[in-house]
Amino acid sequence: MTPSPEVRHRMNTVTIGGATLRVDLAVQMLERSGMDGLSRLEPGSAAWLQALIDGLCMLSSRDPMTGLVNRRQFEASLEGEIDRVARSGESAMLLLIDIDHFKRVNDSYGHGAGDEVIRAIGRTLQECVRPMDTVARIGGEEFAAVLPNCPASFGEAVADRIRLAIESCRIEVSRHVRLSVTASVGGAFAPRWVRSSARLWMERADQQLYRAKAAGRNRTCMELPPHSQVSNEERDMLFSTMSAFMPDTLDSTR
Ligand SMILES: Nc1nc2c(ncn2[C@@H]2O[C@H](COP(=O)(O)OP(=O)(O)OP(=O)(O)O)[C@@H](O)[C@H]2O)c(=O)[nH]1
């Protein structure tokens with residue numbers, strides 16, 4: 001493949017339109033991560049550069065242990081979903097999933113076994129959802145999933161299916177040891193027609209997760225849409241958006 005005239009690769013640098021860029025570190029990072037997309041391409045070609053950029057984007061948005069989306073990328077997905085729900089009025093569900101008593105796994109079987117459990121739960125979650133859903137690892141032993149276009153009647157069933165799938169997993173952490181763990185799940189639907197924020201949506205789901213933990217763990221608690229309250233903060237957001245279009249007709253103190 002012939003390098004584009006604009007792009008030349010020399011040693012550890014690439015020259016584009018007269019500017020010389022260092023790429024050695026970026027290339028090393030991709031190689032170490034096991035992505036070998038670059039090696040099949042002509043160094044310095046436009047396709048090679050595109051693969052380098054794509055690879056770096058992928059690395060910065062993934063959790064290295066599980067390969068799932070990381071917290072930063074997940075919050076960006078949530079913002080996108082909030083926009084969609086506000087425009088379309090479709091329902092979307094957010095689930096927070098936290099492994100129960102995970103400290104005991106580390107304490108009893110070691111950190112390596114704990115890591116293996118985290119990886120296995122990540123795979124299980126991914127298997128439980130549709131391709132259009134996003135699953136993320138958002139903290140040590142905490143995961144999240146956002147399910148677009150998820151009707152209320154379906155939401156609780158999905159959440160419980162996830163919980164049961166985790167409970168039935170037998171995770172091989174060494175040649176002779178298989179572990180099973182449980183998880184608590186908290187869920188909340190995005191308020192429809194209201195442009196909320198990722199933080200508020202996460203807080204709602206987190207309250208449900210807290211309830212599930214407090215009620216004894218290995219259970220699912222959902223904030224169902226008929227019971228969901230629009231918080232004062234969300235109400236203010238709604239009023240400020242509407243008053244921008246109809247300044248004389250709305251009183252935000254109502
Ligand atoms: N192996 C491993 N452990 C981790 C990782 N990240 C966090 N942890 C551990 O996860 C444990 C979390 O413990 P806690 O927050 O007390 O929660 P818990 O024991 O799961 O208890 P509950 O959530 O209340 O059911 C701590 O022991 C952390 O060290 C990781 O990447 N790998």
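We'll go through the helix pair, then the ligand shell.

Author: First, this is a predicted model, where local features need pLDDT of at least 70, side-chain atom pairs count only at pLDDT 80 or more, and totals for chains, interfaces and linings use all residues. Residues are numbered from 1 along each chain as its sequence is written.

Reader: Why are H1 and H2 called oblique to each other?
Author: Helix H1 (residues 24-32) and helix H2 (residues 46-61) have axes that cross at roughly 60° and come within 10 Å. Angles under 35 degrees count as roughly parallel, over 145 as roughly antiparallel, 65 to 115 as roughly perpendicular and the rest as oblique. H1 and H2 are therefore oblique.

Reader: Which residues in H1 and H2 meet?
Author: Ala26, Val27, Met29 and Leu30 in H1 meet Leu52, Gly55, Leu56 and Leu59 in H2; contact here takes C-beta atoms, placed from the backbone, within 7 Å. That contact holds 7 nonpolar residues, 1 polar and no charged. (Ala, Val, Leu, Ile, Met, Phe, Trp, Tyr, Cys and Pro count as nonpolar, Asp, Glu, Lys and Arg as charged, and the others, Gly among them, as polar.)

Reader: What makes up the shell around the ligand?
Author: It has 3 nonpolar, 5 polar and 7 charged residues. In total, 15 residues surround the ligand, with Asp100, Phe102, Lys103, Gly114 and Gly140 the closest; to be near, a residue needs its C-beta atom, placed from the backbone, within 6 Å.

Reader: Which element gives the most to that shell?
Author: H5 does, with 4 residues.

Notes
Helix = DSSP H or I, 4+ residues; strand = E, 2+ residues; numbered from the N terminus. Axes fitted to C-alpha atoms, helices over the stretch in contact; angles between N-to-C directions. Contact = placed C-beta atoms within 7 Å.
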